[in-house]
Amino acid sequence: MPKDNQIPAKYLCSITGLIMIDPVITADGHTYEREAIEEWLQGLPPHDTSPKTGKNLVNKNLIVNHDKRSE
């Protein structure tokens, strides 16, 4: 852990701001906490865009980010 005891941003979900436990990758290559991105994609209203870029996602498939999970 860094000396200042702050969690590096790469371990935080950009939707929740919390440490990712079940990180998944979206079609545009960004990583989010699974529950948070599922709520974003299936919410009211449902989204078909990236919460990070606002651009349309080519699909709503989520892939486990094994690298982030193992770190």
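Accessible areas come from the Shrake-Rupley method with a 1.4 Å probe. With that method, the protein exposes about 5100 Å². Carbon and sulfur atoms supply 53% of that area. The model is predicted.

## Exercise 1: The overall layout

**Task.** Find how many helices and strands the protein has, and describe how the strands are arranged.

**Solution.** 

Step 1. Count the elements. There are two helices and three strands.

Step 2. Read along the sequence. The pattern is β-β-α-β-α.

Step 3. Arrange the strands. They form an open sheet in the order β2-β1-β3, with antiparallel pairing.

Step 4. Pick out the edges. These are β2 (31–33) and β3 (63–64), and each pairs on one side only.

Step 5. Look at one pairing. β1 and β3 are antiparallel and share two bridges. Valine 24 has valine 64 in β3 as its bridge partner.

Step 6. The C-alpha atoms fill a box of roughly 40 × 20 × 20 Å along the principal axes.

## Exercise 2: Buried or exposed?

**Task.** Decide whether threonine 26, isoleucine 19 and leucine 18 are buried, partly exposed or exposed.

**Solution.** 

Step 1. Set the cut-offs. Buried means under 20% relative accessible area, exposed means over 50%, and partly exposed lies in between.

Step 2. Take threonine 26, in the loop between β1 and β2. Its relative accessible area is 6%, so threonine 26 is buried. Apart from neighbours within four places in sequence, threonine 26 contacts Tyr32, Ile37, Leu57, Asn61 and Leu62.

Step 3. Take isoleucine 19, in the segment before β1 (23–25). Its value is 46%, so isoleucine 19 is partly exposed. Isoleucine 19 also belongs to a nonpolar surface patch with Ile7 and Ile21. Together these three have about 280 Å² of accessible area.

Step 4. Take leucine 18, which also lies in the segment before β1. At 55%, leucine 18 counts as exposed. With neighbours within four places left out, its contacts are Tyr11, Leu12 and Cys13.

Step 5. Check a distance. Leucine 18 and tyrosine 32 are 14 residues apart along the chain, and their C-alpha atoms are separated by 10.0 Å.

## Exercise 3: A salt-bridge network

**Task.** Trace the salt bridges that link Asp22, Arg34, Glu38 and Arg69.

**Solution.** 

Step 1. Side chains of opposite charge can pair when their charged atoms come close.

Step 2. Join aspartate 22 to arginine 34. Their closest N and O atoms are 2.8 Å apart. The pair links distant parts of the chain, 12 residues apart: aspartate 22 is in the segment before β1, and arginine 34 is in helix α1.

Step 3. Join arginine 69 to aspartate 22. This salt bridge is 2.3 Å, N to O. Arginine 69 sits in helix α2 (residues 66–70), 47 residues from aspartate 22.

Step 4. Join arginine 34 to glutamate 38, at 3.8 Å, N to O. Both lie in helix α1, four residues apart, about one turn of the helix.

Step 5. Check accessibility. Arginine 34 is partly exposed at 23%. Glutamate 38 is partly exposed at 30%, and arginine 69 is partly exposed at 44%.

Step 6. Asp22, Arg34, Glu38 and Arg69 are linked in a network. The whole structure holds four salt bridges.

Conventions
Residues are numbered from 1 along each chain as its sequence is written. This is a predicted model: local features need pLDDT of at least 70, side-chain atom pairs count only at pLDDT 80 or more; totals for chains, interfaces and linings use all residues. Side-chain values use heavy atoms; hydrogens and water are left out. Patches are made of residues with over 30% relative accessible area and no salt bridge: like charges are joined within 9 Å, nonpolar side chains (Val, Leu, Ile, Met, Phe, Trp, Tyr) within 5 Å. A salt bridge is a side-chain nitrogen of Lys or Arg within 4 Å of a carboxyl oxygen of Asp or Glu. Buried means under 20% relative accessible area, exposed over 50%, partly exposed in between (1.4 Å probe, protein chains only). Contact means heavy atoms within 4.5 Å. Two strands pair if DSSP finds at least two bridges between them.
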